[in-house]
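I opened the model and kept notes as I went. The entries below follow the order of my look-ups.

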Amino acid sequence: MEIAIIGLPQSGKTTLFNALTGGHAEATGAGGGGAQMHVGVVKVDDPRLPVLAKMYNPRKVVYPEIKYWDLPAFELSNRSQASSSGSSGSSFTLEGQSRNILQGADAFLVVVCDFTDPAIVHPAGIVDPRRDLRSVLEDLTLADLVVLERVCERLEDGVRKSLPSERPAAQRKLDIVKKVRQGIEDGVPVRRQELTVSESVSLAEYQLLTGKPVIAAFNVDESRDASEEFSLEDLGLDIAESETIGSVSMCAKLESDLALMTPKEADEFRNELGLAESAMAKVIRVTYDTVGLVSFLTVGEDEVRAWSIPSGLPAQEAAGTIHTDFTRGFIRAEVIPYDDLVRCGSIAQGRKEGVLRSEGKSYSVRDGDVINFLINV
């Protein structure tokens, strides 16, 4: 999974990136305006894997990974128009590698400034998390509208020049694009539009940004209780919009400092501060919930591994995440819940106790399923 970290200047975006990656990252290329980007890969901690590793003593244990991209900040313009109740007038040119990364990302982590620091001057002059979040979301919206405007022009020309036999299909595609563009203009991002499977397939090639899941990360003061759940409705977002955006809060500066300590030292400090989990754990948990991911597990003497997939994915498609040939050669899946496997001590004992099930290709894989796929190769 790839996550693009975006935000306005002075939001603490790169500080949070450092907290998530523990400072182990590298610079790569340049984004819009020549600003440098950073990329880092982190492992998704799954407490079930060490338990299974003790049971199977595999040659390797493989955790899911998330690649984080720290993109150049969205720039503010027209500062005189910025106010705590109005638009910030932000303007971000999506071009080059930055645009490619945004289009290829699985989700956006939007870092929002919600702290005050005399040494840091907010570009708009006043700290206003509602304004900043809306500003970034508006930039993503405008980027989609620019793309769809060009697509409409191209498709309209294609309809005019198409043969009579090809015209109905060309017109259907144009109608879909116009429908989605109108929805965005009406304030409904693609992720909230009710689209059919065929409509979604038609739009896939355009990689629209408002179709991506969004997690808002509120960077708060160190004195604030970052464990409190942040309500997006408190920012004035309507219920429909807030329900499609994940949210998490933390002090990025504090978490960045903790990430440089040894795990034992960091845990001691967190206990003293009353922090139940690290920024990385919080962000990953909310990301999985927002994107809609679960993990199934595979075990054996060769490796114990967790595989992240969309919730509800059919077993046949889940098998394809291991190897594409597994989708075509799928026969059935032997499934046992993680808790039952640990209780039984082995798959063989799970079979004796009747908790090992045989499932077909349409079975919806659940989080914690330990699966052995039977494949015809």
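At what angle do helix H4 and helix H5 pack, and how far apart are their axes? I looked this up in a predicted model, where local features need pLDDT of at least 70, side-chain atom pairs count only at pLDDT 80 or more, and totals for chains, interfaces and linings use all residues. Residues are numbered from 1 along each chain as its sequence is written, and side-chain values use heavy atoms, with hydrogens and water left out.

**Entry: H4 and H5**

I found an angle of about 160° between H4 (residues 129-161) and H5 (residues 167-185), with the axes 9 Å apart. Axes here are lines fitted to C-alpha atoms, for helices over the stretch in contact, and angles run from 0 to 180 degrees between N-to-C directions. Helices (H or I, at least four residues) and strands (E, at least two) are DSSP runs, numbered from the N terminus. H4 and H5 are therefore roughly antiparallel, a label for angles over 145 degrees. Their crossing is left-handed, that is, the near helix is turned anticlockwise from the far one by less than a right angle; clockwise would be right-handed.

Next I listed the contact, meaning heavy atoms within 4.5 Å. On the H4 side I noted Leu145, Leu148, Val151 and Cys152, among others. On the H5 side the list includes Leu174, Val177, Val180 and Ile184. The residues of this contact divide into 11 nonpolar, two polar and nine charged. Nonpolar covers Ala, Val, Leu, Ile, Met, Phe, Trp, Tyr, Cys and Pro; charged covers Asp, Glu, Lys and Arg; the others, Gly among them, are polar.

**Entry: Leu145**

Which residues does Leu145 contact, leaving aside its neighbours within four places in sequence? They are Arg181, Ile184 and Glu185. The C-alpha atoms of Leu145 and Glu185 are separated by 7.8 Å, at 40 residues apart along the chain.

**Entry: H8 and its partners**

I took H1 first. H1 (residues 13-21) and H8 (residues 252-259) have axes that come within 8 Å and cross at roughly 30°. The crossing is left-handed. Thr15, Leu16, Asn18 and Ala19 of H1 make the contact with Ala252, Lys253, Glu255, Ser256 and Ala259 of H8. By class I noted four nonpolar, three polar and two charged residues.

Then H9. The axes of H8 and H9 (residues 263-273) come within 9 Å and cross at roughly 145°. This crossing is right-handed. From H8 come Leu254, Glu255 and Leu258; from H9 come Ala266, Phe269, Arg270 and Leu273. The classes are five nonpolar, no polar and two charged.

**Entry: strands around E12**

Two strands pair if DSSP finds at least two bridges between them. E4 (residues 60-62) pairs with E12 (residues 303-310) in the parallel sense, over three bridges. Val61 has Val304 as its bridge partner in E12. E11 (residues 293-298) runs antiparallel to E12, joined by six bridges. Thr298 has Arg305 as its partner in E12. E11 and E12 form a hairpin with four residues between them.

**Entry: salt bridges**

I searched the whole structure and got 22 salt bridges, each a side-chain nitrogen of Lys or Arg within 4 Å of a carboxyl oxygen of Asp or Glu. One I checked joins Arg48 and Asp367 at 3.2 Å, N to O. Arg48 lies in H2 (residues 48-56) and Asp367 in the loop between E14 (357-359) and E15 (369-375), so the pair ties together parts 319 residues apart in sequence.

Key: Angles under 35 degrees count as roughly parallel, over 145 as roughly antiparallel, 65 to 115 as roughly perpendicular and the rest as oblique.
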